[in-house]
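I opened this notebook to keep track of what I looked up, one topic at a time. Which parts of the chain lie side by side, and which are covered by the rest?

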Amino acid sequence: MDPMIIAENLTKKFNGFTAVDHISFKVEKGEIFGFLGPNGAGKSTTIRMLCTLTKPTEGTAIVGGYDIIKQPEQVRKVIGLVAEKLILYPQLTAVENLKFFGKLYGLRGKQLEERIKELLDMVLLTRFKDFPVGGYSSGMRQRLNIVRGLIHDPEIIFLDEPTAMLDPQSVQFIRDLIKNLKKNGKTIVLTTHIMEEAELLSDKVGIIDHGKIIALDSPENLKRKYNCASLHEVFLELTGRTLRDSASNNMRIGVIRGF
Amino acid sequence: MSFSNNFKASLDIALKDLLYFWRMKMLFITFLMLPVILMFLFGFMFPTVGTSNVYSGKIASPYYNIPVGIVIEDGGEIAYNVANQFKQLASSTRLLKVKDFSSFEVAKEKIVAGELKGVIVIPNGFTEALKSNRQAVIHVTMDDTSSQLSSVVFSQISMLFKMISSSISVSMIKNIDASIDPSFIAEPIVVERKNLIAGTTSTFEFLAPGFMALNIVMGTLSGLAAAIAREKEQGTMDGILVAPISSYAIITGKVLAQTIRGMIQAFIVLGISIAFFGVRIYGSFFLMLLIMFLGVSSFIGIGIIATTLAPEQETAMTLIMLFQIPSMFICNILFPIEQLPKWLQIIGKMMPLYYAADGLRKIIVLNASFNQIIWDITVLLLYSIITLSVAIPLFRKALTR
């Protein structure tokens, strides 16, 4: 079977600074791909390119069988994005948020209503469906944010740090949710800074640093190869134990994006 | 994605933006208050009656009950009569509040103290001059610290005395020869104003269409900038951009929501003008809507360009303000463009807002037909096409760089 994601020499430069440097990798159907790397290594930029939100400077990728440069609209239909920032309107209720995004994917009427009901049940938010999202706790918001990305039942799901800054209960809930998605045959790209999480969930991990992929294998193989007890150790072994001067990278990107 | 899906998506984006706006209660109330406050503010700043007619007590002046003094130095009977007539006329027009003073010196003190704006002196020899068939003179001294007020008050004083003077000449002519029309001798030429539209014109017929254009265009512009920049900043724009819809659908939706907002404001302005300031719509409602729509679309491109280039919301808003504030003054909105120096007039006439206000004014006040405002329509249409064809490709490019 063809892989669901094929990245070929994917490169992104911002004003001469190379954020992502000729990376290539494949993600098979039904796989959870753990995409790891220190802050500013190029994870988010890669995900943005795969989601057609940022144009690559060089190279391309085939996502769900479609070229991200030549067929962006086709790509958008088959992917779901759960970005680092919440994609929710705080003034609108859970139902209103899901309805709005569902409609953008062409879902309407009864079909949309049933899908919303199903998703809200899935993340146990049915009780709060008519409250403005601004009043939700961070755990509730993130649960809703995740199903928002699933509204059109995409084959490929990008999860950018889905468990960051949540309580252990929410983290556990979301991890179970991800496992369930895999069970249903979805292909998942997951970024996280929690190596235990990546080890627990991923079939394959890619470690990116300074815009380059420096390791690409299953967690088991990596542990064996570098003779480490955990993926956490492997990660530190590969990316070094000193704190990163990643601020310079972030600042450069920050200037361009204007944050 | 098909056209109909994109069209529906843009409607959904518009509805979502309006719902969002409705939920921001304080913003929503402020938004409704703004045109109300502006209109009432200008309602009190400018006179509501535009045509001077002393006989009906209507005076085209923003000033009322300005204190002036009168000194009658001449002891004659005619001097007292003239002074009394003047006081009557002055009180009936409510323009001046006339107070008697015993001498010019005393009255002059009051001008310096700021209690009087002018002094009228009927000097010695006034009665005698008239009795011996010579012209009599009245002296007027104004408070020169406020030249604008002085000139208005002075011209009103002269006008009142001219009326008294001509009534004197009418009675004299009657005494000489009762067979001829005395008013013909006294005033052979009379000026009568005939308006294009029946009834009196008011400042509001100038202001209301201008404000309407200003509200829709500027409201839409800053609303759009805020709406796009906000979504960019909070990250929800990614959720929209990652959906399988075209950039056109996104922009159309955003613009539609803001246009509806602007139109609501414009109709509040129109409603207040009609209800409180005697404005009437003489022209076609459909043409009015057309101009409003074109006015908005001519500005949208500029708004999008500013917003996509600005890194965050505040910069976007400031950029828009930079454009918005001068437009208010040089686009024939608050006062006639003819008051400006030539070069500023040229800049003003390069702005689409000028044509939106011009078109609306002609429709509302002069009942202009489509052909009579074709130039306004053409300019607005050209502006829309040019700016939008730059803005739309820039939009996704800027957001997906």
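Before looking at any sheet I noted the rule that two strands count as paired if DSSP finds at least two bridges between them. I also noted that this is a predicted model, so I kept that in mind for every entry below.

**Entry 1: a parallel pair.** With that rule in hand I looked up strand S3 (residues 32-36) of chain A, and found that four bridges join it to S8(A), the two strands running parallel. For one position in this pair, I noted that A:Ile32 has A:Ile188 as its bridge partner in S8(A). I then looked at strand S7 (residues 156-160) of chain A, which pairs with S8(A) over five bridges, again in the parallel sense. Here the residue I followed was A:Phe158, whose bridge partner in S8(A) is A:Val189.

**Entry 2: how enclosed is S8(A)?** How many of the five residues of strand S8 (residues 187-191) of chain A are buried? I counted a residue as buried if 20 or more other C-beta atoms lie within 10 Å of its own. By that rule five of the five are buried, so the strand is largely enclosed by the rest of the structure. I also checked which way the residues point: A:Thr187, A:Val189 and A:Thr191 point one way from S8(A), while A:Ile188 and A:Leu190 point the other way, and all are buried.

**Entry 3: the sheet of six strands.** I next placed these strands in their sheet, which is open, has six strands in the order S6-S7-S8-S3-S9-S10 (chain A), and shows mixed pairing. Strand S6 (79-82) and strand S10 (212-217) of chain A stand at its edges with a single partner strand each, so one side of each is left without a neighbour in the sheet. On average, and with direction ignored, neighbouring strands of this sheet are turned by 15° against each other.

Helix H9 (residues 231-239) of chain A lies across S3, S9 and S10 of chain A, and runs at about 30° to S9(A).

**Entry 4: the sheet of four strands.** I then turned to an open sheet of four strands, with the order S2-S1-S4-S5 (chain A) and antiparallel pairing. Its edge strands are strand S2 (17-27) and strand S5 (66-67) of chain A, each of which pairs on one side only. Strand S1 (residues 5-14) of chain A is joined to S2(A) by seven bridges, and the two run antiparallel. Within that pair I noted that A:Leu10 stands opposite A:Ile23 in S2(A).

**Entry 5: a helix over that sheet.** Helix H1 (residues 43-50) of chain A lies across S1, S2 and strand S4 (58-63) of chain A, running at about 120° to S1(A). Is H1(A) enclosed by the rest of the structure or left open? Eight of its eight residues are buried, so H1(A) is largely enclosed; among them are A:Lys43, A:Arg48 and A:Leu50. Just after H1(A), I found that A:Thr52 takes a positive phi of about 65°.

**Entry 6: chain A as a whole.** Stepping back, I listed 10 helices and 10 strands in chain A, and noted that 44% of its 259 residues are buried. A compact globule with 259 residues would have a radius of gyration near 18 Å, and chain A, with 18 Å, agrees with this. Along its principal axes the C-alpha trace spans about 50 × 40 × 40 Å.

**Entry 7: where chain A meets chain B.** Finally I looked up the contacts between the chains, and found 23 residues of chain A in contact with 24 residues of chain B. Helix H3 (94-104) of chain A is one of the elements giving two or more residues to this side, and H3(A) gives the most, with five residues. By class, the side of chain A that touches chain B has 12 nonpolar, four polar and seven charged residues.

Notes: Residues numbered from 1 in each chain as written. Chains lettered and ligands numbered in written order. Predicted model: local features only at pLDDT ≥ 70, side-chain atom pairs only at ≥ 80, totals over all residues. Rg over C-alpha atoms; globule rule 2.2 N^0.38 Å. Buried ≥ 20, exposed ≤ 12 C-beta atoms within 10 Å, placed from the backbone. Contact = placed C-beta atoms within 7 Å. Nonpolar A, V, L, I, M, F, W, Y, C, P; charged D, E, K, R; others polar. Axes fitted to C-alpha atoms, helices over the stretch in contact; angles between N-to-C directions.
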